[in-house]
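This briefing goes through selected features of one model, grouped by topic. Please keep the sequence and the structure in view while reading.

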Amino acid sequence: MGCEILLEKVNKKYGSQTVLCDVCAHFEPGKIYGIIGRNGSGKTVLLKCIAGFIQDYSGRITIDGTDRKRIPIDSLLIGAIIETPGFVRGYSGFQNLKFLANVRHRIPNDAIRAAMESVGLDPKSRKHVNKYSMGMRQRLGIAQALMENPPLFLLDEPMNGLDNQGVREIRELFKQLRAQGNTLLMASHNPLDIEELCDKVYEMDQGHLAPIG
């Protein structure tokens with residue numbers, strides 16, 4: 001099952017600049033939520049707060065009833081694609097994910113292979129990441145998010161760099177994750193992704209989050 005997320009008057013400032021302003025929302029398991037808005041509107045900062053990468057915000061974020069700040073950042077399974085995925089360029093895709101899996105100490109090779117295959121990558125390929133196209137690197141980033149089978153996915157422009165076939169495949173993958181009960185939060189500039197995938201859409205503008213429709 002996915003996670004239930006509650007945002008209660010979440011505020012975040014950088015100096016005198018307000019990036020998040022009294023953000024309130026309720027995200028239920030088994031749904032895909034879209035967040036739209038211009039660059040700099042606060043979408044990425046909000047996802048980072050939910051992920052635990054940023055903790056010096058005011059207000060309250062709870063995940064399954066527990067305050068996010070009280071959950072160790074490495075104890076909650078979250079599949080996150082926030083900003084450009086970073087990989088060791090001289091390693092193959094499998095070697096990169098294996099390296100990251102060793103840090104977590106609990107991801108078997110079969111799970112890594114399955115994650116790569118689910119996004120259309122060959123885990124047996126020895127091709128180094130420095131020879132990957134942008135779309136292949138994005139697929140590898142999605143595989144990284146998948147490999148622990150987390151209940152919660154935080155996706156910041158997950159279709160970046162994908163060709164039309166890749167977009168179709170990843171959309172179907174996200175639909176499967178929703179059908180399994182996972183919670184997905186997706187920031188996207190693509191109205192087709194939002195229209196086809198999302199159960200509910202929010203717009204972020206100058207740090208304010210409001211539902212659409």
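K175 and E172 are three residues apart in helix α5, which means that about one helical turn separates them. The two form a salt bridge, with 3.3 Å between the closest N and O atoms. The model is predicted.

- Through salt bridges that share partners, R171, E172, K175, D193 and E196 are joined into one network.
- Within this group, R171 forms a salt bridge with D193, and the closest N and O atoms are 2.7 Å apart.
- R171 lies in helix α5 (residues 164-179) and D193 in helix α6 (residues 191-197), so this pair ties together parts that are 22 residues apart in sequence.
- R171 is buried, with a relative accessible area of 11%, and D193 is buried as well, with a value of 1%.
- In the whole structure, a search finds eleven salt bridges.

**The antiparallel sheet**

- Four strands make up an open sheet, in the order β2-β1-β4-β5, with antiparallel pairing.
- The edges are held by β2 (17-27) and β5 (66-67); each has a single partner strand, so one side of each is left without a neighbour in the sheet.
- Five bridges pair strand β1 (residues 5-14) with strand β4 (residues 58-63) in the antiparallel sense.
- E8 stands opposite R60 in β4, and E8 also forms a salt bridge with R60, the closest N and O atoms being 3.6 Å apart.
- Because E8 lies in strand β1 and R60 in strand β4, the pair ties together parts that are 52 residues apart in sequence.
- Both residues are partly exposed: E8 has a relative accessible area of 34%, and R60 has one of 36%.

**The loop between β4 and β5**

- G65 is placed in the loop between β4 and β5.
- With a relative accessible area of 61%, G65 is exposed.
- From C-alpha to C-alpha, G65 and I5 are 7.9 Å apart in space, while 60 residues separate them in sequence.

**Strands β6 and β7**

- Strand β6 (residues 78-81) and strand β7 (residues 152-156) run parallel and are joined by four bridges.
- A80 stands opposite L154 in β7.
- In a regular strand, side chains alternate between the two faces of the sheet.

Methods. Residues are numbered from 1 along each chain as its sequence is written. This is a predicted model: local features need pLDDT of at least 70, side-chain atom pairs count only at pLDDT 80 or more; totals for chains, interfaces and linings use all residues. Side-chain values use heavy atoms; hydrogens and water are left out. Two strands pair if DSSP finds at least two bridges between them. Helices (H or I, at least four residues) and strands (E, at least two) are DSSP runs, numbered from the N terminus. Buried means under 20% relative accessible area, exposed over 50%, partly exposed in between (1.4 Å probe, protein chains only). A salt bridge is a side-chain nitrogen of Lys or Arg within 4 Å of a carboxyl oxygen of Asp or Glu.
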